[in-house]
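Trainee: I have a new structure to read. Can you take me through it, feature by feature?

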Amino acid sequence: MKEAVLPKRPRPDLLQFDSDLAFNNCVFYDGDTTLVSKSLTNCRYRINGKLEINDFKYSDVPLTLRHLMINRSAYIYRSKLHIISIEDCQGRFGLKDNVINGAIHFLNLKNSSFDIILDTFKQVKTEIHVVNTVLKDISYLRYNSYIDMYADFYRDSLYDVLQIENGRDHTNAHKGTASLQHYFNLTFSNCYINADVRFTDNADTATVIFKNCHFGPNASLDIRADTVSFIDCQQLPATLNMQLKANNKKCWIGLNNTNIIDVNFVYASHHRLLFDSTADIDIYASTYENLLAKFRSENKKESYRRLDIEYKNYKASRGDVWNRISNWLNREWWNYGYSKGRVIGWTFALLGIFFVLNIRLWQPMQNMYPISQDHSFIDRKEKPFLYHIQQYIRILLYTVYIFFSIKIDLQKLKITTLPILLYFFLQFLVGLWCLFFIVNALLKIG
């Protein structure tokens, strides 16, 4: 007689559901985690359908999902929770229309993704922590920037798309909250990023930090923030497509022990370099000069111009009073040579100033440096208006003659008073200075 073959018993720690599983309208009181312990935490689930948890009412205890393998998705809706912790799971997880008074944790997830909608948050501050997780497929976080947000990714691997955006309308961004300031801090630490990271923010202050991260060949960054810092990221790959936009007026870029020489990057008008408080002048100089060399070799003239102007202002700020005055003159006169058309405007302005002064000093100037003119004056008594117009024209021509002279005929010069003599040579030298820069601008030299 053959021995009967008994069917294998299922593993006692594995529960499998071949259809959807839902918990609806459950209320748990403080300290009562019986259902959580027996049904959601200590067992291993394989759910071939979807899991829904709706309208849970917690006050102080966390909701923990552990060891879940979700074939479709697991969603938590309309629940009032203190902490949500999803650990050692696989699948797609979603949070929507919840009130969460603590933090959200994703720990040790494999090949997972998430949808988090936080528009109904009522607390002032919340945190999201993603640790040792592999995110594949599109992960999406939409939040309400009227709250303070902190999101931390640590030792994670990101693939495909990570999209984080603000649900607040720009046009009404500060309506009713003029006295409040809201921030978003997003940090990636020790992560491998091979995803399209999109961060769109309009909180009052938005900061994104990449610390000791490595970027794969499919990585791209499309970020709008006040500050974007790369710390100990070594050399970023040439395949990285990086677009950094200003959240408010400027986007400050920190490059601490990070090289972006190979990155296809444009230094826009809203960009500014940000340095650590411990950085010395050598770090400043090497960072600026390496980037300037990069933009010069890539023939990115606008990026080079913006960075060069910023570098000149920085060097002047570290110098003495004369350096600051010289820098101010160089900037205002012709924008360090990048706006040579300004020289023409300044020349006519200075010529106008000397013309007005020469009207008042006409007789002393004529006595010191006379210039022969046609003396057929209009009769002053018969035509006084035309007489004065003719006189102003003569003074203007006299001013132009001195201002744009290449040399002075010293034989004509008659020294009368020292102040008039100094004023005369000041007019001549300023005009000579303007001529030099006009020629420089026309020939595009220097």
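Trainee: What share of the residues in the protein chain is buried?

Mentor: Buried means under 20% relative accessible area, exposed means over 50%, and partly exposed lies in between, with a 1.4 Å probe and protein chains only. Here, buried residues make up 45% of the 446 residues in the protein chain. Keep in mind that this is a predicted model: local features need pLDDT of at least 70, side-chain atom pairs count only at pLDDT 80 or more, and totals for chains, interfaces and linings use all residues. Residues are numbered from 1 along each chain as its sequence is written, and side-chain values use heavy atoms, with hydrogens and water left out.

Trainee: How many helices and strands does the protein chain have?

Mentor: Both are DSSP runs, numbered from the N terminus: helices are H or I with at least four residues, strands are E with at least two. The protein chain has eight helices and 27 strands.

Trainee: How do I read one residue in a strand, such as T207?

Mentor: T207 sits in strand β21, residues 205–211. T207 counts as buried because its relative accessibility is 17%. Next, look at contacts, meaning heavy atoms within 4.5 Å. Leaving out residues up to four places away in sequence, T207 touches F184, N185, L186 and T227.

Trainee: What span should helix α3 have?

Mentor: The expected span is 1.5 Å times one less than the number of residues. Helix α3 covers residues 301–317, and its 17 residues should span 24 Å; the end C-alpha atoms are 24 Å apart, so the two agree.

Trainee: Which residues of α3 are buried, and what covers them?

Mentor: The buried ones are S303, Y304, L307, D308, I309, E310, Y311, Y314 and A316. Their cover includes β27 (271–274), α2 (281–297) and α4 (321–334).

Trainee: At what angle do α2 and α3 pack?

Mentor: Axes are lines fitted to C-alpha atoms, for helices over the stretch in contact; angles run from 0 to 180 degrees between N-to-C directions. For α2 and α3 the angle is about 160°, and the axes are 9 Å apart. By class, the contact of α2 with α3 has 11 nonpolar, one polar and four charged residues. Ala, Val, Leu, Ile, Met, Phe, Trp, Tyr, Cys and Pro count as nonpolar, Asp, Glu, Lys and Arg as charged, and the others, Gly among them, as polar.

Trainee: How do α4 and helix α5 cross?

Mentor: Helix α5 spans residues 342–360; its axis and that of α4 come within 7 Å and cross at roughly 100°. That makes α4 roughly perpendicular to α5. R331, E332, W333 and W334 in α4 meet R342, V343, W346 and L350 in α5. This contact of α4 with α5 has five nonpolar, no polar and three charged residues.

Trainee: Where does V400 lie, and how far is its C-alpha atom from that of F354?

Mentor: V400 is in helix α7, residues 384–403. V400 counts as partly exposed because its relative accessibility is 29%. V400 and F354 are 46 residues apart along the chain, and their C-alpha atoms are separated by 9.3 Å.

Trainee: At what angle do α5 and α7 pack?

Mentor: The angle is about 125°, with the axes 9 Å apart. So α5 and α7 are oblique to each other. Among the residues in this contact are F354 of α5 and V400 of α7. By class, the contact of α5 with α7 has 10 nonpolar, three polar and no charged residues.

Terms used
Angles under 35 degrees count as roughly parallel, over 145 as roughly antiparallel, 65 to 115 as roughly perpendicular and the rest as oblique.
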